[in-house]
Amino acid sequence: MEIKYKPIGVIHSPFNCLEGMPIQPASDMSREGFLDVFPEFSDGLKDIEGFSHIYILYHFHKVKQLNLIVTPFLDKRPHGTFATRAPSRPNPIGLSLVKLVRVENNRVYIDRVDVLNETPLLDIKPYIPEFEHHHDVRVGWLEQSKQQVRVQKSDNRFK
């Protein structure tokens with residue numbers, strides 16, 4: 001079975017190089033950016049402004065390798081790629097929860113972006129805490145280093 005996705009737009013951010021960019025939206029280094037949604041998909045933005053946060057799903061277009069065992073940015077030990085958010089995966093799909101600032105026509109202004117400039121945008125979904133907030137959360141191997149996400153920078157390990 002073959003599955004194909006067509007980008008719905010392009011993500012624009014101040015990050016033009018993989019090295020040194022934030023690794024998650026919660027980073028102190030994340031910045032403002034915008035989504036240019038292609039005109040044929042702009043009707044899908046109707047009523048999105050009522051949400052404060054959105055998920056953006058995107059294609060890791062600069063990742064050329066597939067590794068099922070990776071050493072993530074926040075640990076020195078290798079882990080299975082499905083136990084990480086590393087970009088090196090069988091389907092290089094990224095996910096970020098960002099703040100929606102405003103919408104102007106087919107341009108969606110966002111804050112807390114952690115994505116490489118000119119990344120293909122695959123989808124947008126509203127964040128709804130009642131659908132996704134859980135109290136019994138465990139974070140596995142990340143428990144010891146989760147606070148480092150605010151200061152950890154990306155490097156070229158997943159290029």
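Trainee: In which sense do β1 and strand β8 pair, and over how many bridges?

Mentor: The general idea is that strands of a sheet pair through backbone hydrogen bonds, and the pairing is either parallel or antiparallel. Here β1 and strand β8, residues 119-126, pair in the antiparallel sense, over 3 bridges. Within this pairing, Ile-11 stands opposite Thr-119 in β8. Keep in mind that the model is predicted.

Trainee: Which strands make up the closed barrel, and in what order do they run?

Mentor: The closed barrel has 6 strands, and its order is β1-β2-β7-β6-β3-β8, with antiparallel pairing. From one strand to the next, the twist averages 45°.

Trainee: How many helices and strands does the protein chain have?

Mentor: The chain has 1 helix and 8 strands. Read from the N terminus, the elements run β-β-β-β-β-β-β-β-α.

Trainee: Next, salt bridges. How many does the structure hold?

Mentor: To read one, look for a side-chain nitrogen of Lys or Arg within 4 Å of a carboxyl oxygen of Asp or Glu. The structure holds 6 salt bridges. One of them joins the side chains of Glu-40 and Lys-6, at 3.8 Å from N to O.

Trainee: What is the distance between the closest N and O atoms of Arg-107 and Asp-36?

Mentor: Those atoms are 2.8 Å apart, and the two residues form a salt bridge. Arg-107 belongs to strand β7 (residues 107-113) and Asp-36 to strand β2, so this pair ties together parts that are 71 residues apart in sequence.

Trainee: Is Asp-36 buried or exposed?

Mentor: The cut-off for buried is under 20% relative accessible area. Asp-36 has 19%, so Asp-36 is buried.

Trainee: What partner does Asp-123 have in a salt bridge?

Mentor: Asp-123 forms a salt bridge with Lys-125, with 3.5 Å between the closest N and O atoms. Asp-123 is partly exposed, at 29% relative accessible area. Lys-125 is partly exposed as well, at 41%.

Trainee: Now a residue away from the salt bridges. Where is the place of Ser-88?

Mentor: Ser-88 sits in the loop between β5 (79-80) and β6 (93-104). Its relative accessibility is 0%, so Ser-88 counts as buried. A polar atom of the Ser-88 side chain lies 2.9 Å from the backbone nitrogen of Asn-67.

Trainee: What share of the residues in the protein chain is buried?

Mentor: Of the 159 residues in the chain, 38% are buried.

Trainee: Last, the surface. Which residues form a nonpolar patch there?

Mentor: Met-1, Ile-3, Tyr-5 and Ile-93 form such a patch, with about 560 Å² of accessible area together. Ile-3 is in the segment before β1. With 57% relative accessibility, Ile-3 counts as exposed.

Notes:
Residues are numbered from 1 along each chain as its sequence is written. This is a predicted model: local features need pLDDT of at least 70, side-chain atom pairs count only at pLDDT 80 or more; totals for chains, interfaces and linings use all residues. Side-chain values use heavy atoms; hydrogens and water are left out. Helices (H or I, at least four residues) and strands (E, at least two) are DSSP runs, numbered from the N terminus. Buried means under 20% relative accessible area, exposed over 50%, partly exposed in between (1.4 Å probe, protein chains only). A polar contact is a pair of N or O atoms within 3.5 Å; within protein, one must be able to donate a hydrogen and the other to accept it, and residues adjacent in sequence count only if both atoms are side-chain atoms. Two strands pair if DSSP finds at least two bridges between them. Axes are lines fitted to C-alpha atoms, for helices over the stretch in contact, and angles run from 0 to 180 degrees between N-to-C directions. Patches are made of residues with over 30% relative accessible area and no salt bridge: like charges are joined within 9 Å, nonpolar side chains (Val, Leu, Ile, Met, Phe, Trp, Tyr) within 5 Å. Accessible areas come from the Shrake-Rupley method with a 1.4 Å probe; for residues, only the protein chains shown count as cover.
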